[in-house]
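Here are my notes on this entry, as numbered points. Please read them beside the coordinates.

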Number of protein chains: 2
Amino acid sequence: MSTVSIPTTLSEQVVAAIRSVVGAGPAVLHEPSFSGNEWLYLKECLDSTVVSSVGKFVDRFEAGLAAFTGAKHAVAVVNGTAALHIALKLAGVRTSDEVLVPALTFVATANAVTYCGATPHFVDSEARTLGVDAEKLRDYLASHTEQRAGQCVNRATGRIIRALVPMHTFGHPVDLEGLLVVAHDFKLALVEDAAESLGSYFRGQHTGTFGLMGTLSFNGNKTITTGGGGAILTNDAELACHAKHLTTTAKVPHAWDYRHDEIGYNYRLPNLNAALGCAQLEQLPSMLVAKRELFQRYHAAFSPVMGARLMAEPEQCHSNYWLQALLLEPKCADQRDAILQATNDAGFMTRPVWILMNELKPFVSCPHMDLAAAQSLSQRLINIPSSSSLVPVAP
Amino acid sequence: MSTVSIPTTLSEQVVAAIRSVVGAGPAVLHEPSFSGNEWLYLKECLDSTVVSSVGKFVDRFEAGLAAFTGAKHAVAVVNGTAALHIALKLAGVRTSDEVLVPALTFVATANAVTYCGATPHFVDSEARTLGVDAEKLRDYLASHTEQRAGQCVNRATGRIIRALVPMHTFGHPVDLEGLLVVAHDFKLALVEDAAESLGSYFRGQHTGTFGLMGTLSFNGNKTITTGGGGAILTNDAELACHAKHLTTTAKVPHAWDYRHDEIGYNYRLPNLNAALGCAQLEQLPSMLVAKRELFQRYHAAFSPVMGARLMAEPEQCHSNYWLQALLLEPKCADQRDAILQATNDAGFMTRPVWILMNELKPFVSCPHMDLAAAQSLSQRLINIPSSSSLVPVAP
């Protein structure tokens, strides 16, 4: 015997709204969808025995990524973290530098800075985009840094602030217009962490193509996946060439000599993973349609829910809606954990946003600006099931 | 009209000997062989949609590696370089340390040291094993280092020499008995670079299981491949657990919190690549039989060739014969390039051994001992086609 109960608490309303969109569940947060040539290309790759560090699928995947994003060059690598590491190195980040990264991000953004021997310097986000707040950052840099010989120096630490790495949270483009001006005015290299934003556009231009370089991720939880994988985007041919060199052990081409002319990395994307990526890239447009449709359905379902708002793409932006996110009103922040518990108990996988970087043990002593907005957001965001497969779209 | 010419030069004799074993060619240096469940497991992985960072194939691959090598624990990672990086970190290698590595090795061994902020310190090899010369190393350390507070200090640089990383060249086990004593006497952590030696044994015990940790590679050119992949072997449960933690972004387990308690790495082996590895591991025993048979055939073919000797496994060792290698007599060293040219022209891919690490631009200023043997070997070694598929063995 089943009873129909009318949702009264916010937790119950959230569970009911999710259920009304995705069905009885269970539903994970994000799972990949393989509905195209994935089997065909993997089999072709295996049959060729060319599964490893070079191969036609790597070339094709890179060309496909460049074509899709409009970047002049794409260099496929083993994951998004590796892409960030190399992009930062090529942006000139060196030991004892500082790099501005949002406190509200996945840990890879901050980790990649440390791989260069540099220190992350955490900056605040804005509720509108969930990304770096350009205006607040400008004020902070104006009062806390000075230009010395064309470099931005942190007055408190005496260290050079070399780069700025905004991240497009859940696929929502950050305020690129504002940040490009800040980067220019304060002589910072702009590297976009576009790990979450394949298929997201700022004023019609693809994220990851505005800065000196941008980086993508194709981890299993991303819009498209290669198992593990990533890419560096750039419009600079020399940087692209150097990125390829650094990510392939810096070996100088030769028929048989093994000469490496700098410290390189084994960051090649295997051809096997690229084969999967080629098939996924073909599916990307229809996945993006499905994810936008899922947003619309959630939007309708959550409209009557007081206290929780579904994140929508910022103005002048086109988001990939990688992860759908609820933003609780400040007065409902104390109900976040109850909502997380209720939704997960009901079989709908949800999670809060990441713990702020400056609160993690390895980064507690890193410099940071006032993080009031990020702190507030980190208490109020909840991701809900977001797979494109939740909204089957006709091919 | 074809003519039969009798080989007279050493180049011609080498080409003829290779042809007598592998047929008319062409033959690459090493290609993978997928004759088992590779497609089945890849398909199963794709059907499950679990292609990325966790999955049952990762668990199964790790268990299979531990079972095959006899190591208590195996941690699968994204490639052999990543395995070395983490093994060195866990061995306590820190910024400003030095690490002893052979000058005669692939660049990954030296690169991994630099990823820890440390400096490689190059040591000599012996012709018998192609690996680190234990006796010569002992003499060198005795005269160039001193023990301070239980640590080995390089007198010339004042830096701590933290670890020793022998590499089992082409699969031939290094003198582990001698090196274990040197490591013990001079207080060095022993980390075995077993990238090339899966299936190789020293006195019946698998390489990579003697030191504190050992590392494997499953790059496309290795005996078995996962596209790209590697593993850390250890008998220490705590080290294994820490290796898993560090290679999976150091995330503390929790239903939804993203808490990372130290600087971690995105070094996970994707489930997709592990699926390939599980199938390859099943094929490994028959591949090893094939590679040993290939050695026997080459051995017979090269016996009458004066001036070039086929590398055989050292005494008390069982080699996987990953790459077959010719060692030219010193008086024939000047014919190496002619042999490389003639064999490659004839369609048989051959290559010299790596350029010595101390001769590479990024490492020219690193400390090194006398490298007479490595220098001589580096002028005289030639790898010849070595794929297990060259000797089809009944399953």
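Which residue in β16(A) does A:Q324 stand opposite? A:Q324 stands opposite A:I384.

1. Basis. This is a predicted model: local features need pLDDT of at least 70, side-chain atom pairs count only at pLDDT 80 or more, and totals for chains, interfaces and linings use all residues. Residues are numbered from 1 along each chain as its sequence is written, with chains lettered from A and ligands numbered from 1 in the order in which they are written.

2. Strand β14. This strand of chain A spans residues 324-328; strands are DSSP runs (E, at least two residues), numbered from the N terminus. Five of its five residues are buried (20 or more other C-beta atoms, placed from the backbone, within 10 Å of the residue's own). A:Q324, A:L326 and A:L328 lie on one side, A:A325 and A:L327 on the other. In a regular strand, side chains alternate between the two faces of the sheet.

3. Partners of β14. Four bridges join β14(A) to β16 (residues 381-384) of chain A, antiparallel. β12 (residues 308-310) of chain A also pairs antiparallel with β14(A), over three bridges. Pairing requires at least two DSSP bridges between two strands. A:R309 stands opposite A:L327.

4. The open sheet. Its order is β9-β8-β13 in chain A, with antiparallel pairing. β9 (205-206) and β13 (317-318) each have a single partner strand, so one side of each lacks a neighbour in the sheet. β8 (residues 201-202) and β13(A) share two bridges. A:Y201 has A:H318 as its bridge partner.

5. Symmetry. A rotation of 180 degrees with 0.0 Å of shift along its axis superposes chain A on chain B, RMSD 0.0 Å (least squares on C-alpha atoms of residues with pLDDT of at least 70 in both). The copies are thus related as by a two-fold rotation axis.

Conventions. Buried ≥ 20, exposed ≤ 12 C-beta atoms within 10 Å, placed from the backbone.
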